[in-house]
Amino acid sequence: MKIDQITFTRFVAAMAIVISHFNKDLFLYKIPYISDVFLKANVGVSYFFILSGFIMIVAYHKKARIDYKDFYRNRFARIYPLYVVGLLLYLVTRYSDFSFYKAFLYLLGIQSWIPGKALVLNFPGWSISVEFLFYLLFPWLYNYFYSKGNKSIWVIAVLIWIGTQFFTNLYVNSHAYKGPHTMSHEFSHYFPLWHVNEFLIGNLAGLFFVNNHKEKNYDIAVSLIFIGILLSLIFIPLNFHNGLMALLFVPLIYLISSNNGLLTKVFSLKPLEFLGEISYAIYIIHIPVLYILRSVLWDYFQVYQSNTVFWIYILVLMVVSAFFYRFIEKPARDYLKR
């Protein structure tokens, strides 16, 4: 089962993260309310994790059992080659950050397990530590729970989600939390165990979808939920980074996947679907591309104005991401799968 219209939403989430990491002199940060959305747009990673759980079920739900070796090889082929390219690009302008210890953590994808080290080198790579954990768990979950219709996983997943929300939101409002760019922040936001709930909830949403979905025009419902997400980011002062937004992300994913209205026709357009396909490249290389481009524009063209740099950056990022998807990510994936 392939859900074309959901692919484009990955691009939207990736671009929100890209903007959230850009210089805060950007014009978007000077617009009331809009700035609040992008200041919290790292919640897009939470969307990725939930969608990952959803898509895993959709992709494998007809199998009686998942072969561990084949699964791990396929997932490694999917994400690792471009993950390494992101590191190499990062070192072009940040070679002074290199150390063998950091490279060891990064290449093994274990950096997020060590508070204070989650953002070593190409820092968007912290999420790969979490994805690796998901991939480690999924075949076991599928073979012993999902494929057997074991309902206990529903209770377990909901309890893990509730426990994670209580702990992380209490933690960030306690004296133990020292704020952004501290070990406590890395522990509360990037530690892989706090994101397992997102993957499990995504799995449950996928199970519900494959067993119950009926195509219908959900354009209005999808639009209202998206507005609800924006309003939540603007007006609700909670930590959405560790799965709380699943309350809105799950129905959004489900309804977009079941929708046959105008939005689906638009989202399924090949150019938009392609943007979704290159979203992983956009996410994993957006920081090194920014560093390289900014260095070139500053040093050789004396272009400093944030808005100008931003538009050039977005164009270059799209082109480079499309190139890497076409000539690195896809060929490497196909080769490693063989």
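**Exercise 1. How far apart do the axes of helix α3 (residues 43-60) and α9 come, and at what angle do they cross?** Then sort out how the two helices lie and who makes the contact.

*Solution.* Keep in mind that you're looking at a predicted model.

Step 1: The axes of α3 and α9 come within 7 Å, and the crossing is at roughly 40°.

Step 2: Angles under 35 degrees count as roughly parallel and 65 to 115 as roughly perpendicular, so α3 and α9 are oblique to each other.

Step 3: For the handedness, α3 passes α9 in a right-handed crossing.

Step 4: Go and find the contact residues. On the α3 side they include Phe 49, Ile 50, Gly 53, Phe 54 and Ile 57, and on the α9 side Phe 199, Asn 203, Ala 205, Leu 207 and Val 210 are among them.

Step 5: Sort that contact by class and you get eleven nonpolar, six polar and one charged residues.

**Exercise 2. Ala 205: is it buried or exposed, and which residues does it touch beyond four places away in sequence?**

*Solution.* Step 1: Locate Ala 205 in helix α9 (residues 196-212).

Step 1: Its relative accessible area is 9%. Buried means under 20%, so Ala 205 is buried.

Step 2: Skipping residues up to four places away in sequence, Ala 205 touches Phe 54 and Val 250.

Step 3: Ala 205 and Gly 53 sit 152 residues apart in sequence, yet their C-alpha atoms are 8.2 Å apart in space.

**Exercise 3. At what angle do helix α4 (residues 68-93) and α6 pack?** Decide what to call the arrangement.

*Solution.* Step 1: The angle is about 165°, with the axes 11 Å apart.

Step 1: Angles over 145 degrees count as roughly antiparallel, so that is the label for α4 and α6.

Step 2: The crossing of α4 and α6 is right-handed.

Step 3: From α4, the contact includes Phe 71, Tyr 72, Ile 79 and Tyr 83; from α6, it includes Phe 132, Tyr 135, Phe 138 and Trp 140.

Step 4: By class, this contact has 14 nonpolar, one polar and one charged residues.

**Exercise 4. Which residues touch the most other members of the largest nonpolar core?** Pick Tyr 146 and list its contacts.

*Solution.* Step 1: The core has 110 residues, and Phe 138, Tyr 146, Ile 282 and Tyr 313 touch the most other members.

Step 1: Leave aside the neighbours of Tyr 146 within four places in sequence. What remains in contact with Tyr 146 is Ile 57, Phe 138, Leu 141, Ile 153, Leu 200, Asn 203 and Leu 207.

**Exercise 5. Where does Gln 111 lie, and is Gln 111 buried or exposed?**

*Solution.* Step 1: Look in the loop between α5 (100-108) and α6 (126-146).

Step 1: Gln 111 has 0% relative accessibility, so this residue counts as buried.

Step 2: Beyond four places away in sequence, Gln 111 touches residues including Tyr 83, Leu 105, Lys 117 and Trp 126.

**Exercise 6. At what angle do helix α1 (residues 4-20) and helix α13 (residues 270-277) pack?**

*Solution.* Step 1: It's about 55°, and the axes are 7 Å apart.

Step 1: That angle makes α1 oblique to α13.

Step 2: α1 passes α13 in a left-handed crossing.

Step 3: Among the contact residues are Phe 8 and Arg 10 of α1 and Leu 272 and Glu 273 of α13.

Step 4: This contact divides into four nonpolar, two polar and four charged residues.

Key
Residues are numbered from 1 along each chain as its sequence is written. This is a predicted model: local features need pLDDT of at least 70, side-chain atom pairs count only at pLDDT 80 or more; totals for chains, interfaces and linings use all residues. Side-chain values use heavy atoms; hydrogens and water are left out. A nonpolar core is a set of buried Ala, Val, Leu, Ile, Met, Phe, Trp, Tyr and Cys residues joined through side-chain atoms within 4.5 Å. Buried means under 20% relative accessible area, exposed over 50%, partly exposed in between (1.4 Å probe, protein chains only). Contact means heavy atoms within 4.5 Å. Axes are lines fitted to C-alpha atoms, for helices over the stretch in contact, and angles run from 0 to 180 degrees between N-to-C directions. Helices (H or I, at least four residues) and strands (E, at least two) are DSSP runs, numbered from the N terminus. A crossing is left-handed if the near helix is turned anticlockwise from the far one by less than a right angle, and right-handed if clockwise. Ala, Val, Leu, Ile, Met, Phe, Trp, Tyr, Cys and Pro count as nonpolar, Asp, Glu, Lys and Arg as charged, and the others, Gly among them, as polar.
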